[in-house]
Amino acid sequence: MTVTYDLLLHYLNRQAKGNSERIITELDIKNRQTIVDIGAGGGHFSYQFAKVNLGNEVVAIDVDQRHLDFIERQSVKQNLKNIRTLLVNTEDNSLPLGDNSVDLFFMRNMFHDLTTPQQYFANLKRKLNDSGRIAIVEFLPNLKYVEGRTGHCTEERTIQEIMTSAGYSLKASSVALKPKESFTIYGV
Ligand SMILES: C[S@@+](CC[C@H](N)C(=O)[O-])C[C@H]1O[C@@H](n2cnc3c(N)ncnc32)[C@H](O)[C@@H]1O
């Protein structure tokens, strides 16, 4: 059973790999950063954040314990000691992370899963430090791509409006992943 489920997570990781180098380059991550990968799935981005600087602390968050168990096994295989996992309840805003402690919240292909995104991100604000950022990668409603046809997507304008109403300002809107995905970065 685990083996079958692992195949799904390996598949998710192969899908995530496509543009990940460009995402990591544009994020320009410094050393000794605390990075939280929300909705980490198979953990592809958690591993990249951990590797880009071994001084980083990466927290992989998910609502599914099977995903976190997989990430823990893969982290051991890849000898990555700077990843820890955290199980949360859907829409749980009370993440056990210190106030002003996070440099980067990263969310790829998960924004559409949030039922109250404005409230979710408003509640994350106090966890960010002064120069902290939130990066959101999300499929666009583009009929050429399966996610864009099946509702696993959000208009970039909608994300920007929600983030503004949650109290953030737009720092960057990248064209690197278009027309498939939007990639926006916010600060307080
Ligand atoms: C489509 S997968 C994306 C995984 C990964 N970010 C990627 O890009 O490959 C969405 C992930 O978000 C998780 N998820 C859904 N709702 C969540 C929530 N409220 N908090 C944390 N994780 C959530 C799911 O369990 C799943 O692992």
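Q: Thanks! How much of the protein chain counts as buried?
A: Of its 188 residues, 35% count as buried. Buried here means that 20 or more other C-beta atoms lie within 10 Å of a residue's own, exposed means 12 or fewer, and partly exposed is in between, with C-beta atoms placed from the backbone. Before we go on, this is a predicted model, where local features need pLDDT of at least 70, side-chain atom pairs count only at pLDDT 80 or more, and totals for chains, interfaces and linings use all residues. Residues are numbered from 1 along each chain as its sequence is written.

Q: Good to know. How many helices and strands are there?
A: The protein chain has seven helices and seven strands. Along the sequence the pattern is α-α-β-α-β-α-β-β-α-β-α-α-β-β. Helices (H or I, at least four residues) and strands (E, at least two) are DSSP runs, numbered from the N terminus.

Q: And what radius of gyration does the chain have?
A: The protein chain has 16 Å, which agrees with the value near 16 Å for a compact globule of 188 residues. That radius is taken over C-alpha atoms, and the globule rule is 2.2 Å times the number of residues to the power 0.38. The C-alpha atoms fill a box of roughly 40 × 40 × 30 Å along the principal axes.

Q: Let's go inside. Which residues have the most contacts in the largest nonpolar core?
A: Those are Val36, Ala60, Phe105, Phe106 and Ala135, in a core of 41 residues. A nonpolar core is a set of buried Ala, Val, Leu, Ile, Met, Phe, Trp, Tyr and Cys residues joined through C-beta atoms within 7 Å.

Q: What is Ala135 in contact with?
A: Leaving aside neighbours within four places in sequence, Ala135 is in contact with Leu27, Leu104, Phe106 and Ile185. Contact means that the C-beta atoms, placed from the backbone, lie within 7 Å.

Q: New topic: which residues come nearest to the ligand?
A: Ala16, Gly39, Gly41, Arg108 and Asp113 do, out of 19 residues around the ligand. A residue belongs there if its C-beta atom, placed from the backbone, lies within 6 Å. Helix H1 (2-17) and strand E2 (57-62) are the elements that give two or more residues to this shell.

Q: How does the shell divide into nonpolar, polar and charged?
A: Eight are nonpolar, six polar and five charged. Ala, Val, Leu, Ile, Met, Phe, Trp, Tyr, Cys and Pro count as nonpolar, Asp, Glu, Lys and Arg as charged, and the others, Gly among them, as polar.

Q: Now helix H7. Which of its residues are buried?
A: In H7 (residues 156-165), they are Ile159, Ile162 and Met163. They cover an arc of only 95 degrees around the axis, so they sit on the same side of H7. The arc is that of the directions from the helix axis to the C-beta atoms. The face turned away from that buried side carries the exposed residues Arg157 and Glu161.

Q: What do the buried ones pack against?
A: Helix H5 (117-124), strand E5 (128-139) and strand E7 (181-187).

Conventions: Two residues are in contact if their C-beta atoms, placed from the backbone, lie within 7 Å.
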